[in-house]
Amino acid sequence: MCAPNENGRFESEIWNDDAKQINPFSKRRRKATLCELGFAVIIISRSRASNLPSLSLSLSPVMAVQASRQASSKTESYVDNKRKEDIRRANIVAARAVADAVRTSLGPKGMDKMISTASGEVIITNDGATILNKMEVLQPAAKMLVELSKSQDVVAGDGTTTVVVIAGALLKQCLSLLDAGIHPTVVSDALHKASLKAVDVLTAMAVPVELSDRESLVKSASTSLNSKVVSQYSTLLAPLAVDAVLSVVDPEKPDLIDLRDVKIVKKLGGTVDDTELVKGLVFDKKASHAAGGPTRVDNAKIAVIQFQISPPKTDIEQSIVVSDYTQMDRILKEERNYILGMIKKIKATGCNVLLIQKSILRDAVTDLSLHYLAKAKIMVIKDVERDEIEFITKTLNCLPIANIEHFRAEKLGYADLVEEASLGDGKIVKITGIKDMGRTTTVLVRGSNLLVLDEAERSLHDALCVVRCLVNKKFLIAGGGAPEIELSRQLGAWAKVLQGMESYCVRSFAEALEVIPYTLAENAGLNPITIVTELRNRHAQGEINAGINVRKGQITNILEENVVQPLLVSTSAITLATECVRMILKIDDIVTVR
């Protein structure tokens with residue numbers, strides 16, 4: 001409150017007089033100074049001022065704060081926000097560079113990447129997760145996009161390139177919003193709201209599917225395989241992936257599928273066409289027949305052993321010097337009797353196939369033990385890896401035997417046939433007709449070279465993941481950029497209903513999603529602007545399943561073309577990309593700790 005004093009002068013005028021002594025400004029300048037300090041300057045003639053009993057000179061709280069800040073500006077330090085903005089910008093630029101690196105590999109007409117490792121290994125792939133995993137990314141924010149791709153691989157198994165491309169497009173839009181002066185927190189909150197709305201829109205578009213509808217599952221797996229290097233074999237690999245997953249589904253727990261129950265065995269030779277699903281076990285090694293042991297056993301009784309059939313050694317490294325020949329003969333005789341005693345116990349249970357775990361302490365088998373096992377007509381498969389034991393015992397429905405004293409008939413597995421077969425330039429061992437077989441299956445992948453073999457395995461893994469997604473969340477959605485354009489359209493309309501900064505941010509989110517159809521068209525050699533404009537037009541007319549058919553180079557109803565994907569792939573891509581972008585936006589400093 002400011003009232004006239006006894007001389008009829010205002011406090012402001014007295015302040016002005018003082019200011020005049022210090023810095024003699026003109027009357028106009030004094031008014032300007034008062035205005036800058038947030039005072040409402042009211043000009044009243046002196047003659048009329050005497051007639052006024054009192055006058056309120058009101059200050060809003062904001063003005064008061066500004067006034068106090070300007071008054072004490074000499075004592076306060078200047079806060080520099082430039083560094084924070086620079087770090088945020090650097091993070092966004094680095095993350096976008098990673099997104100741009102994989103963008104060209106999106107879609108069925110996407111390009112492949114050749115990755116050359118330091119060890120000289122060469123990988124040819126267009127799987128986003130594999131490309132980013134092998135890239136040496138040093139910038140911390142760019143590493144977040146690599147982790148984002150891994151997260152998508154864990155959650156859905158497919159859409160690893162899509163999620164990174166969406167994140168890159170969102171970051172580009174965020175940069176323009178930040179340049180417009182919108183606070184990062186406001187942008188972050190708006191993105192979160194938009195992603196929740198996007199998931200609702202996608203769920204509304206989805207078509208329910210039943211596990212009994214094998215054809216729909218095959219279509220979905222085929223769509224996933226069409227963007228891979230081995231796309232020409234999708235007609236073979238897609239049904240194979242569906243059958244593999246359905247064979248390991250437990251009716252009591254239909255939502256829980258462990259893909260470790262599907263074992264992929266790679267064998268060089270032949271072509272991808274020779275890939276087959278084996279209901280049983282396949283070992284990429286030959287049977288041990290150094291001493292003329294059997295290579296084919298009918299009505300097999302199989303034991304999985306974790307002990308060694310070889311003479312015991314001392315626990316610590318030391319040498320025993322034997323100078324007497326009679327003592328040496330006695331040692332050899334004892335060794336022979338020790339091995340013979342073990343083999344008699346094994347034979348007594350009726351076991352005729354031995355799977356021996358690889359040993360690091362001493363030889364799992366010796367020439368002598370192999371000789372006696374061959375005499376006993378027992379087939380031996382040695383050097384079974386430790387991490388395979390769980391899968392083998394689950395498949396054979398048997399128990400691993402850790403000690404010869406625990407060797408009993410009830411711990412054995414039973415199968416109709418165990419045989420060694422020639423395949424390519426090597427041999428494999430097949431176990432088929434397993435009695436009471438566990439819910440597991442084996443896929444034997446063939447290929448003309450290691451590069452094709454590795455890519456076929458990665459593609460098959462993606463197809464298996466897609467089928468697993470459909471088992472977990474039984475909804476299908478159209479592919480070919482259709483859901484992204486529909487999302488963009490509906491979020492754009494929703495943005496008009498919102499108010500303030502949120503509206504701008506949601507509109508930017510909607511624009512960012514158009515990057516998927518744009519990139520699909522660009523990678524297929526089409527005119528992206530024409531295609532995306534036509535796609536918008538079709539969706540505005542109500543054709544929600546209109547998408548880009550890259551094979552025909554035009555826009556068609558994608559559902560009729562059997563280009564479908566699980567709902568989980570799309571929803572997790574949107575959610576994870578938004579989470580990652582929000583995290584990058586919130587970072588305003590990088591602290592290095594030595």
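User: Which residue forms a salt bridge with Lys228, and how far apart are the closest N and O atoms?

Analyst: Keep in mind that this is a predicted model. Lys228 sits in the loop between helix H10 (214-226) and helix H11 (234-248), while the partner is in the loop between strand E2 (122-125) and helix H6 (128-134), so the pair ties together parts that are 101 residues apart in sequence. That partner is Asp127, with the closest N and O atoms 3.8 Å apart.

User: Is Lys552 buried or exposed?

Analyst: Lys552 meets Glu561 in a salt bridge, 3.2 Å from N to O. Glu561 has a relative accessible area of 31%, so it counts as partly exposed. Over 50% counts as exposed, and because Lys552 has a relative accessible area of 51%, it is exposed.

User: Which residue in E17 stands opposite Ile477?

Analyst: Start with the open sheet, where three strands run in the order E3-E14-E17 with antiparallel pairing. Strand E17 (564-566) is an edge strand, pairing on one side only. Three bridges join strand E14 (residues 475-478) to E17. Opposite Ile477, the residue in E17 is Gln565.

Methods. Residues numbered from 1 in each chain as written. Predicted model: local features only at pLDDT ≥ 70, side-chain atom pairs only at ≥ 80, totals over all residues. Heavy atoms only, no water. Pairing = 2+ DSSP bridges. Helix = DSSP H or I, 4+ residues; strand = E, 2+ residues; numbered from the N terminus. Salt bridge = Lys/Arg side-chain N within 4 Å of Asp/Glu carboxyl O. Buried < 20%, exposed > 50% of the residue type's maximum accessible area, 1.4 Å probe, protein only.
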